[in-house]
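Here's a protein chain to look at.

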Amino acid sequence: MKYSYLLIIACLVYLFTACTPDFDLNAPYKDVPVVYGILNYQDPVHYVKIYKGFQTNNNGGVFVDAQNPDSIYYYDNIIVVLQEYENNQRTNRPDIPLTITNELHKEDGIFYHGEKSIWYCTKEILDKNKEYKIYITNKLNGNIVEGITPLVGDFNIYSLSSVYDMINASNIAFTKATNAVDYEIHVNFLYYEVDINTNEVVKEGKIVKNICPHVGGDFKFNKDRDYYYKEYSATFFDDIAFQIEPNPNVVRYIGRPDANGRCIEIEGWAAGTDMIKFILSNQTGSSFVQVNDKYTNICAKDGLAFGFLSSRVKCPNREFTTTPSSEDSVCFGSKTYHLGFRPYIEYKP
């Protein structure tokens, strides 16, 4: 569920720059907040991104002004808190204030991402059995912006069939997470590289295999045993050959140096309703008829607001050793033999 917050602003830019008869570049400025928040009760720090929409007559277009932090940030002109709810009723817990930080940086993009990037955060512990409302007060105009989400609860992954077999197709089974509507499961191949001259480990690598690449995946549910499961095809050797280049200066070993040959890692995430609705509403459709409505669960007391507040969690990772035939295929098979893999038992630190 790794979803870029830049798409939210891109949608907002589209709304402000679309060629419609009602659009007036010289119209009075309107405060249009954009909120992006994904809460995970497991996180030690919770971050929310809050932008303000803007209009421009800059010859370079909106993307020039988007690089100016003053164009998109409220700074301390807003008060941001989380409020705790249970069964749609406010609990006795006081407001949880979110303070400004610029210690969290994202990848480069169209919009400003430098040292002056602003996030609103809290280190308060969130209760996975509660709901949380973000409540934003604009100190300049008194506008109130809010959105609420339940938190996604725990889930666990286990192997239903021979998940450690890299040759044959397999299944992954996992329990249901409370308030989750979709899952993303990775089955990864782990390896490490040792310098041929120093015999030191110089890299620990991972080949990521996303077995549910599309939001709204085709998970199956076992009613009798109360778990979901996902079938996937074993194409590890193609993935390894595509993502790793030959390197004559290293010897590669299967697994991790301290994992005794455990080279198959399973990791997964579960996401809440509003996150999935937002992602699906912004996906490019395959139809000639394109619907431009953008999903949001953020609302403003006076005017417009966009974005979403939702939740996700990560399950505990699991690691497995692979079968002897799979290990043999990695080291000597036609697709990967040229990459210099050796069985983990041959590595002597």
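Strand β1 runs parallel to strand β18 (residues 306-314), and six bridges join the two; strands count as paired if DSSP finds at least two bridges between them. In that pairing, V34 stands opposite F306 of β18. β1 also pairs with strand β2 (residues 46-52), this time in the antiparallel sense and over five bridges. There, Y36 faces K49 of β2. β1 and β2 make a hairpin, with six residues between them.

Before going on, keep in mind that this is a predicted model: local features need pLDDT of at least 70, side-chain atom pairs count only at pLDDT 80 or more, and totals for chains, interfaces and linings use all residues. Residues are numbered from 1 along each chain as its sequence is written, and side-chain values use heavy atoms, with hydrogens and water left out. Helices (H or I, at least four residues) and strands (E, at least two) are DSSP runs, numbered from the N terminus.

Why is β1 largely enclosed by the rest of the structure? Seven of the seven residues in β1 (residues 33-39) are buried, so that's how it ends up enclosed. "Buried" means under 20% relative accessible area, "exposed" means over 50%, and "partly exposed" is in between (1.4 Å probe, protein chains only). Both faces of β1 are covered, with P33, V35, G37 and L39 buried on one side and V34, Y36 and I38 on the other.

Now for the nonpolar cores. A core here is a set of buried Ala, Val, Leu, Ile, Met, Phe, Trp, Tyr and Cys residues joined through side-chain atoms within 4.5 Å. The largest one has 35 residues, and F155, Y183, I185, F189 and F341 have the most contacts inside it. The elements giving two or more residues to this core are β10 (170-174), β11, β14 (227-232), α4, β16 (262-272) and α6. The largest share, six residues, comes from β11. Apart from this core lies another one, of 28 residues, including Y73, Y74, L98 and L309.

What about helix α6 (residues 324-332)? Its residues S326, E327, V330 and C331 are buried. Among the elements covering them are β11 (180-195), α4 (236-243), β15 (250-254) and β20 (341-342). V330 also turns up among the residues touched by F189, along with F236 and F341, not counting residues up to four places away in sequence; contact means heavy atoms within 4.5 Å.

Next, the rings. Rings of Phe, Tyr and Trp (its six-membered ring) pair if their centres lie within 6.5 Å; planes under 30 degrees apart are stacked, over 60 edge-to-face, and the rest tilted. The count comes to 16 aromatic pairs, and here are two of them:

| Pair | Type | Centre to centre | Angle between planes |
|---|---|---|---|
| Y73 and Y75 | edge-to-face | 6.0 Å | 70° |
| F174 and Y228 | stacked | 5.7 Å | 20° |

The F174 and Y228 pair links distant parts of the chain, in strands β10 and β14, 54 residues apart. Both F174 and Y228 are buried. Together with F155 and Y183, they form one aromatic cluster. As for the other pair, Y73 is buried at 1% relative accessible area, whereas Y75 is partly exposed at 24%.
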